[in-house]
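Please look through the sequence and the structure shown below before reading the briefing that follows.

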Amino acid sequence: MALTLNVNGRLREVVVDAETPLLYTLRNDLGLIGTRYGCGLGMCGTCTVIIDGKPVQSCDLPVSAAVGKQITTVEALGTDEKLHPLQQAFIAEQAAQCGYCASGILMAAKALLDVNKDPSDADIRSALEGNLCRCGTHGRILRAIKLAAKEMRGA
Amino acid sequence: MAQVKDPAARKLPGSLDANRRLDRWLQINSDGTVTVTPGKVEIGQGILTALVQVVAEELDIKVARIRLAPASTAFSPDEGITSGSRSIQDSGLALRHAAAETRDLLLARAAQKLGVTLENLTVADGVISARSGGTATYWELATPDLLAREATFDVVEKLPAEHVVVGTSLARVDILGKITGKPSYVQDMVLPGMLHGRIARPPGPRARLKSVDVKEVEQMPGVVAVVRDGSFLGVVAQREEQAIRAERRLARIAQWDAGEELPDSDPRRLQTLAAETEVISEKGDPATAGARQLTAEYTKPYLAHASLAPSCAVAQQDGGKLKIWTHSQGIYPLRGDMAQALGMAEADIIITHAEGAGCYGHNAADDVTLDAALLARAVPGKPVRLQWMREDEFAWEPFSSPMIVRMNAALDAKGNIVNWSHELWSHAHSTRPGGRGGVNLTAAWHLEKPLPAAKPGNPPLPGGGSHRNAVPLYDFPNQKITNHLIRESPLRTSAMRALGGHANAFAIECFIDELAEAAGADPVEFRLRHLKDTRAKAVIEKAAQMAGWKPNEKGDGERGRGIAFARYKNLAAYFAVIAEVQVSEEVRVKRMWAAVDVGQAINPDGVINQIEGGIIQTVSWTLKERIDFDRHVVTTRNWTDYPILTFVEAPEVEVALINRPESPPVGAGEGTQGPVSAAIANAIHNALGVRMRDMPFTRERIVAALST
């Protein structure tokens with residue numbers, strides 16, 4: 001069926017089965033490949049996008065449930081020319097190894113910083129409760145998010 | 001000043017010796033760029049960044065001029081497998097030499113062109129200048145014939161003191177794409193007309209397909225082909241979610257024969273099985289008795305690599321050629337096994353590497369590649385992208401072997417170790433493609449005409465497999481180290497970070513702690529007392545200093561600290577770590593202080609990143625991880641069954657790098673594993689007074705230990 005999605009500030013029409021997980025529509029119909037499959041069960045966070053301000057795992061959300069809502073993916077976070085402070089901080093802290101978890105974590109972190117300008121270490125850790133990292137870059141990621149928050153406050 | 005290699009050795013550095021043509025490694029392009037074509041691959045460890053630094057250094061060019069080509073059987077040097085933390089030694093030293101020789105060749109051409117002697121030339125970012133005036137650039141001097149020659153021996157590489165790029169923390173070359181959502185992985189590949197595949201695996205490792213009515217599935221929306229060959233069952237569909245639905249349906253309607261029962265999953269069962277026994281080290285009189293004798297046994301379970309991305313490959317049958325994109329760690333060995341499984345000539349299979357998520361060893365990267373090829377053959381001309389589901393990855397990836405280590409030692413009256421025995425039981429730790437006499441790819445065993453797996457085995461010492469790090473670095477007057485290898489395993493086992501070195505160093509470092517306690521000695525002093533190696537002592541002393549270690553410090557019934565040390569493979573990175581734990585019923589690792597010595601650090605921050613990652617991943621192995629199975633199936637299928645360390649639980653980690661630019665560089669990806677597990681066990685003892693000897697240290701096990 002034809003559905004209209006509001007993705008990264010643009011209305012996009014897709015023809016898909018209503019039950020298709022949003023993840024596959026983002027990746028395979030809209031070419032937004034930065035959102036990634038990790039488990040299909042909403043347990044690892046690699047597919048995290050922001051929907052109406054909240055971090056949501058797109059792998060087990062039917063695309064029909066996202067109609068009429070604002071969806072933001074990592075592609076809209078910043079551009080190569082104008083990176084988001086979170087992306088700048090990830091570079092500053094070299095907060096990646098394989099990087100497969102990065103898109104989802106960046107989106108979870110953006111959702112946090114959008115509502116909490118000065119998160120504590122515990123706030124950041126609990127905002128990432130739904131995101132796994134297997135390479136063990138946790139410390140760098142936590143530092144990077146803290147740094148981005150500081151930059152965004154202009155401190 | 002310069003270093004000249006010993007001409008008597010007549011062996012070129014690293015992988016250059018087996019791949020001597022310079023143009024297999026480098027090309028100097030007329031557009032002012034340099035293409036580097038290493039055979040080693042990025043698996044998240046940051047190797048490509050370090051290789052770029054090595055080449056920029058020896059060629060005297062800016063880093064930004066370097067282009068990396070993905071490893072491909074079409075042109076790359078055969079560097080075997082990216083494993084064992086050997087890429088710096090294999091690929092880095094090869095490229096260092098090749099780049100230095102390339103620079104010499106360019107200088108020779110410049111000298112001729114400018115009519116001056118070599119001594120009168122200097123290079124800056126590819127521009128060669130004569131002291132008397134006149135310049136020539138690499139880009140105009142290089143012609144295709146320049147590097148169409150074999151490397152020679154008499155090449156002068158820069159001295160460490162001359163390095164300006166090597167030894168600096170260059171930002172990772174891959175990070176920008178990864179944090180801006182650019183296609184970065186094989187999972188992200190999109191080719192024109194690409195279809196999606198999925199595999200309906202047997203429910204358990206010994207199950208076989210009895211029957212399946214594929215017609216019903218063939219009628220499902222989007223399904224292009226159902227592929228059945230023996231117990232290999234897969235589907236190709238137009239859309240990814242259609243392939244998943246069809247695979248789920250196939251799995252439901254297929255009739256399977258469950259096969260023989262699997263045995264119990266307890267690692268202690270290993271001691272009851274027929275083993276091949278080998279004494280790998282013996283010195284002095286192993287019968288020496290002391291004033292006091294100690295014995296202990298340590299175990300680890302089956303562990304999963306648990307890559308965050310389930311494995312994926314893209315395959316396309318194009319006439320008589322098969323094109324493959326894979327995140328395999330060894331494209332050439334994989335090509336050999338694929339050719340056998342598919343009945344094709346190796347030359348007709350072109351395998352190109354594309355990154356996957358971090359793999360930490362032999363995961364399902366190779367297996368999914370044969371799966372994709374088998375599906376692609378059913379839809380000639382069409383590229384097929386196949387990503388395993390999470391459940392497939394947990395159930396079918398090769399696991400790290402369970403192990404049991406029995407330690408026995410004697411202390412003399414002064415509390416020194418006078419006798420040491422280490423006996424280990426393990427399955428094989430290396431069943432990658434490229435094994436002799438078989439095909440090491442899951443689908444090959446499920447075909448109508450199955451191809452048997454190669455006999456599982458171990459890489460030889462000094463690196464070793466199950467016996468890696470079994471010989472202690474400590475100096476004991478009498479010792480005996482015995483390896484019991486049990487080749488057949490109910491679940492397939494293969495390489496995961498540190499191989500047997502994880503359990504062996506864990507056992508050694510826990511046991512040393514038990515002996516120190518028995519001797520009434522401080523665990524830091526006790527280790528130093530039994531070591532002669534000064535670099536080993538230096539990392540231990542550094543970690544102790546960072547942590548503010550107090551001799552004979554005691555935990556308080558809740559908090560405690562423990563130390564451990566190892567030198568990876570006894571020939572690579574030195575690593576010492578102190579763990580601080582807080583235990584109620586559950587163990588929380590709060591802080592870790594670590595010191596590492598990898599010789600010359602090409603990229604110091606890259607080394608530290610690898611060490612931090614190794615530490616945190618091992619905290620997860622130690623506290624939480626275990627693959628389990630019942631009589632027929634692997635019951636661990638998702639992240640609830642196999643929890644890993646979360647952001648809430650991750651410890652603070654501080655790493656000090658002892659950089660030794662004058663010492664040969666070695667890898668940093670492994671070597672943290674055994675010491676980290678042991679430091680945690682020792683810290684728990686320091687806190688609570690109980691010895692945890694069986695990993696993982698779960699809440700149930702802590703409660704049980706406290707109640708005995």
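**Two helices, two chains**

In chain B, the axes of helix H14 (residues 604-624) and helix H15 (residues 673-688) come within 9 Å and cross at roughly 55°. Axes here are lines fitted to C-alpha atoms, for helices over the stretch in contact, with angles running from 0 to 180 degrees between N-to-C directions. This is a predicted model, in which local features need pLDDT of at least 70 and side-chain atom pairs count only at pLDDT 80 or more, while totals for chains, interfaces and linings use all residues. Residues are numbered from 1 along each chain as its sequence is written, and chains are lettered from A and ligands numbered from 1 in the order in which they are written.

**The helix pair in chain B**

**Where chain B touches chain A**

- On the side of chain B, 47 residues are in contact with 46 residues of chain A.
- H14(B) gives the most to this side of chain B, with eight residues.
- The residues on this side of chain B divide into 19 nonpolar, 17 polar and 11 charged.

**Chain A**

- Chain A has five helices and five strands, which are DSSP runs numbered from the N terminus (helices: H or I, at least four residues; strands: E, at least two).
- The radius of gyration of chain A, taken over C-alpha atoms, is 15 Å, close to the 15 Å that the globule rule (2.2 Å times the number of residues to the power 0.38) gives for 155 residues, so chain A is as compact as a globular protein of that length.
- Helix H1 (residues 22-29) of chain A is mostly covered, with seven of its eight residues buried; a residue is buried if 20 or more other C-beta atoms, placed from the backbone, lie within 10 Å of its own, exposed if 12 or fewer, and partly exposed in between.
- The buried residues of H1(A) pack against strand S2 (10-15) of chain A together with H6 of chain B.

Key:
Contact = placed C-beta atoms within 7 Å. Nonpolar A, V, L, I, M, F, W, Y, C, P; charged D, E, K, R; others polar.
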